[in-house]
Amino acid sequence: MIEPIGNQYVVARPVYSANAFGEEHKKKHRHRKTLLDHLKKCCSAQKAKRIALSLFPIASWLPAYHIKEWLLSDIVSGISTGLVAVLQGLAFALLVTIPPSYGLYAAFFPVIIYFFLGTSRHISVGPFPVLSMMVGAVVVRLTPTANTADPTVTYSSVANDSSLDEHKVMVAATVTILSGIIQLLMGVLQLGFVVIYLSESLISGFTTAAAVHVLVSQLKFILQLTVPAHADPFSIFKVLISIFSQIEKTNIADLVTSLIILLVVFVVKEINQRYKAKLPVPIPIELIMTVIATGVSYGFDFKNRFNVAVVGEMKSGFQAPITPNVQTFQDTIGDCFGIAIVGFAVAFSVASVYSLKYDYPIDGNQELIALGVGNIFGGSFRGFAASTALSRSGVQESTGGKTQIAGLLSAVIVLIVILAIGFLLEPLQKSVLAALALGNLKGMLMQFTEIRRLWRKDKYDCLIWVMTFIFAVVLGLGLGLAASVAFQLLTIVFRTQFPKCSTLANVGRSNIYKNRKDYSEMYEPDGVKIFRCPSPIYFANISFFKQKLIDAVGFSPLRILHKRNKALKKIRKLQKKGLLQVTQKGYICTVDGFKDSDEELDNDNIEELDQPINTTDLPFQIDWNADLPVNIVVPKINLHSLILDFSAVSFLDISSMRGLKTILQEFIRIQVDVYIVGTDDDFIEKLARCEFFDDEVKDSIFFLTIHDAVLHILMKKDYSTSKFNPSQEKEAKLDFTINTNGGLRNRECQVPIETKF
């Protein structure tokens, strides 16, 4: 019963052990579903309908489309997003080291597929610089050149193709198809949860490192230098060395154009950000600068006068689908897993932001299917891996986009460029595209500020960010991502392997127990120690747990057990020889000294010393905290009860189970009662299945709460010193109530039993 009294409450209930609670409150029998039950549920007509609707989310939102309220906004958003998608497709194709025109395919096909299969209404699917860099690294590695070709590897596709660019396109497309297949399989198998292994800190550090890679990779276009491609670890440093070794060959026209573009883009983007509440739509600075740069380059014939590199021929229309190269599949399977997971993680993260902002659900598994099918189609038509660019999605949302109708219209804009007006971009300098790509990196590079925020919040997350950044920069994006995930998992192991255990005490003489180091008014029952473990206990941290427990109680139970068994052996010898007498005042020894021979000491093996202390053969009981006979010294301990708070222990494996049982036995054998609190029923049932309990470690050691265990200990100690005679104790029906001051009173017998802190 709970009685509220103002802002306080009084609880009146029995002191519950786990067994006592189970006897009074019987658990319901729950039917465990069999495989047949799950199959029946999956095969129902209602389930089939839900699956069909989930596979085509457009069927749920398109019929509810508000034409009058949303259509105009989607049209404006679609046109703005489409223009940005065209420019980013051309720019990010340079990161893949393929001709810019192929970036338009990556900006078209995934958007069409996502319109039908995607669950987010606001993200813009298409090229993303991080994925472009990852695909580009694979293309560089698998593309033989005069300087870097590996004579042990055969490239049949190169022998059949007349152009190295065509081979690069084939590699990029094949990698994209395999990445899409992986995403599709993960979605079908309901593996969307894998994104949880990529924490926010890891993604932030990885994208920032990718931005650094993008910056370095674009320098050769801005300066128009011939830089050998590198895809191995430390490649970023090799590229920088190559750039600075030939810096005197810089094309001044490209450099000046790029700097002007960068300056204008940064200034206007800052204006868009600062005055976004007043501007009806953001200023499309990328489009404006592209039109101006293209016109100036064409009008002044930059290609011939200044020898600048331009986009070149833009083929109209689409090309026939490709047949993926099986050998490339085998060579890039590891890279494709990284591309698939990173692409999904970034898209899902951005989609989650908008779903929370506009209050609609998204499905991670369906997102995998949508991205996977989009990449399969895009790769089949010579595109490269797509996800979502943060800047492009921001344009779609900030210009009023309500649904993926805006995405469909952006694909129409890309289609117009592919089919009709692509030739107008042929005079555009590649350095302009590089500058526009760098103009979109501001948000990614600004994530350096995350370090300070993370350091204040969680030093582990800050460490993950820093190490992810270092791994991705030094080892490259592929190996860097693998190393970062491994390091993140290592930090999880480290946190659980070395948990911050604490000793608890009573706060304010109530039923609240906190870390005794955190509060000034703390009360500990005499002879009781409360130890809390805040993590799972498993094979890797059971030794650490034991050591922390020993540090908390101040002694090693095994050492005390050994000392007591040795002392007991000596006492037996003295008693058998008649040299030891016990009186009410203590022990009387009739010899001045007693010493075991070397042979007798050697016979004290560990197995004997580990056994429980058995004094049944002695005519007296031994008080181990009292003075013992001469030359017999045993460390005194002031602990009679130990409470282990396992409320935060989520699981226990078999190896740690054996270790925990050994720890409990060691304390029990030195007459320290051990109680475990806060565990759920499944925890206890697992221990029972594994035959954890025996004559020493019993299932009666479990209590519901810390306070239940403390009250049980205090009542148990009070019984041992009770002034009742045995008949009175048996006749009395004990019913205790917790006072607000932390004491106890017996409501039936009216005998006050005070809690002694």
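Which residues do ring pairs link into a cluster? In this predicted model, local features require pLDDT of at least 70 and side-chain atom pairs count only at pLDDT 80 or more, whereas totals for chains, interfaces and linings use all residues. Residues are numbered from 1 along each chain as its sequence is written, and side-chain values use heavy atoms, with hydrogens and water left out.

The cluster comprises Tyr102, Tyr105, Phe108, Phe109, Phe318 and Phe381, linked by ring pairs. Rings of Phe, Tyr and Trp (its six-membered ring) are paired if their centres lie within 6.5 Å; planes under 30 degrees apart count as stacked, over 60 as edge-to-face and the rest as tilted. The structure holds 27 aromatic pairs. One of them, formed by Phe109 and Phe381, is stacked, at 4.6 Å centre to centre with 15 degrees between the planes. This pair links distant parts of the chain, 272 residues apart: Phe109 belongs to helix α7 (residues 109-117), and Phe381 to the loop between α17 (364-380) and β4 (386-388). Helices (H or I, at least four residues) and strands (E, at least two) are DSSP runs numbered from the N terminus. Phe109 is buried, at 12% relative accessibility, while Phe381 is partly exposed, at 22%; buried means under 20% relative accessible area, exposed over 50% and partly exposed in between (1.4 Å probe, protein chains only).

The pair of Tyr538 and Phe651 is tilted, because the ring centres lie 6.3 Å apart and the planes are at 35 degrees. Tyr538 lies in the loop between β8 (528-532) and α25 (542-553) and Phe651 in the loop between β11 and α29, so the pair ties together parts 113 residues apart in sequence. Tyr538 counts as buried, at 10% relative accessibility, and Phe651 as partly exposed, at 40%.

Strand β12 (residues 673-677) is mostly covered, with four of its five residues buried. Strand β11 (residues 641-645) pairs with β12 in the parallel sense over five bridges, and Ser641 stands opposite Asp673 in β12. Strands are taken as paired if DSSP finds at least two bridges between them. Pairing of β12 with strand β13 (residues 702-703) is likewise parallel, over two bridges, with Ile676 opposite Phe702 in β13.
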